[in-house]
Amino acid sequence: MNVKNHRMVYSLISGSLILFSLGWFCLYNAFYVNNYNGLILPIFLFLFAFALFYFLVVIEHNLKVLYIVCSLGMLGAVSLGREYLISSFLVWILTSISCILAIKRIKTEQYNRIKISVYRTLKRGIPIIGTVFCLLIAVGFYFSIANFQNLGNIPRFKVKLPIETTKLAFGVMNAFMPNEEISWIVEGVTVDEYFQKILRSQDISLEGTVLQEIKNEVDEDTKKQMAAGIEREIWEKERTVIVKNREMLQDKLGIELEGNERIDEVLHGLINKRLNDFINGRVVSSDVLPVGGAFALFITLRSIVWVSNMILFWTVSVIFSILVRLGKIKIKKENQEVEVIEI
């Protein structure tokens, strides 16, 4: 495969490096200047940078050029270390080695194929580069949080799950693990109704307790008076327990409850509160935040990169086919010697 226009190669090299540099610059600003806002722009910059780089990987034969471009493209991640530049630099070296091995694997696949297949060639090693890229961003995020903590300025994140997510989760739980309490939540009973149902479903009911108190009385007149007011007694005792449970729920949520709120909406608020407490390191200690946050970011980015790579693979394949038809790229067949083993 020969590239007629060498300016295309130079354009791909310079274009991908410029886009990678801008992406790391915007990501640095998002982490350290804009309080973790403005993450959309670097995502698009990296997307276009990888599109150019993947195309370069397919058409360029010089492995050293590809190694240098890939390593320089990832070099901007070092700046995310800020106060931890040495550690960040060491991570970059290790990830660059991984990228070099991935590129070598891609080219080996390309040269061992009878016909050129851009999709299958890239699929051979690009996932490794994508994982390395996600790791660099996650490590940079860890260092940014650590820097803020050293300054006593721990950033807080606000995560809000939609109510539909909680309702769907309870619905699935009720379908696979039928349970009275879960079914009440799915029905959307109020807070007081929920606690009352739980109370009345217990083995030792309040009614039995009140009846025992009546039986223990010796005076018949007193028994009659107590029997006449049994419903009021039961309700008052139930009411006391319901109010105590509601107050406990209020303390966990940090809000006032009147008792007529839907229990699924209240539990949704509790789930969101616990989620934010965990992400912001309030559950165990603030030290949990950098590691837990970086790991969560890595998993999220890995999913996004996986989907993006599928799109980029086919996009590069289509562009490659178009350029071959236009004569910008020429494919030629070569005879290749093959070794065989004779016994």
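Visitor: Which helix is Trp-184 found in?
Guide: Trp-184 belongs to helix H7, which covers residues 180-187; helices here are DSSP runs of H or I with at least four residues, numbered from the N terminus. This is a predicted model, in which local features need pLDDT of at least 70, side-chain atom pairs count only at pLDDT 80 or more, and totals for chains, interfaces and linings use all residues. Residues are numbered from 1 along each chain as its sequence is written, and side-chain values use heavy atoms, with hydrogens and water left out.

Visitor: And is Trp-184 buried or exposed?
Guide: Trp-184 is buried, since its relative accessible area is 11%, where buried means under 20%, exposed over 50% and partly exposed in between, with a 1.4 Å probe and protein chains only. Among the buried residues of H7 are also Ile-182 and Ile-185.

Visitor: What comes just after H7?
Guide: Gly-188 sits there, with a positive phi of about 85°.

Visitor: Switching to Arg-246, what does it touch?
Guide: Leaving aside residues up to four places away in sequence, Arg-246 touches Val-191, Asp-192, Phe-195, Arg-239, Leu-257, Glu-258 and Gly-259, a contact being heavy atoms within 4.5 Å. Arg-246 lies in helix H11, residues 230-253, and is buried because its relative accessible area is 11%.

Visitor: How many disulfides does the count come to?
Guide: The count comes to zero disulfides, a disulfide being a pair of cysteine sulfur atoms within 2.5 Å. As for cysteines, Cys-134 is buried at a relative accessible area of 0%, and Cys-26 is buried at 16%.

How values were computed:
Helix = DSSP H or I, 4+ residues; strand = E, 2+ residues; numbered from the N terminus.
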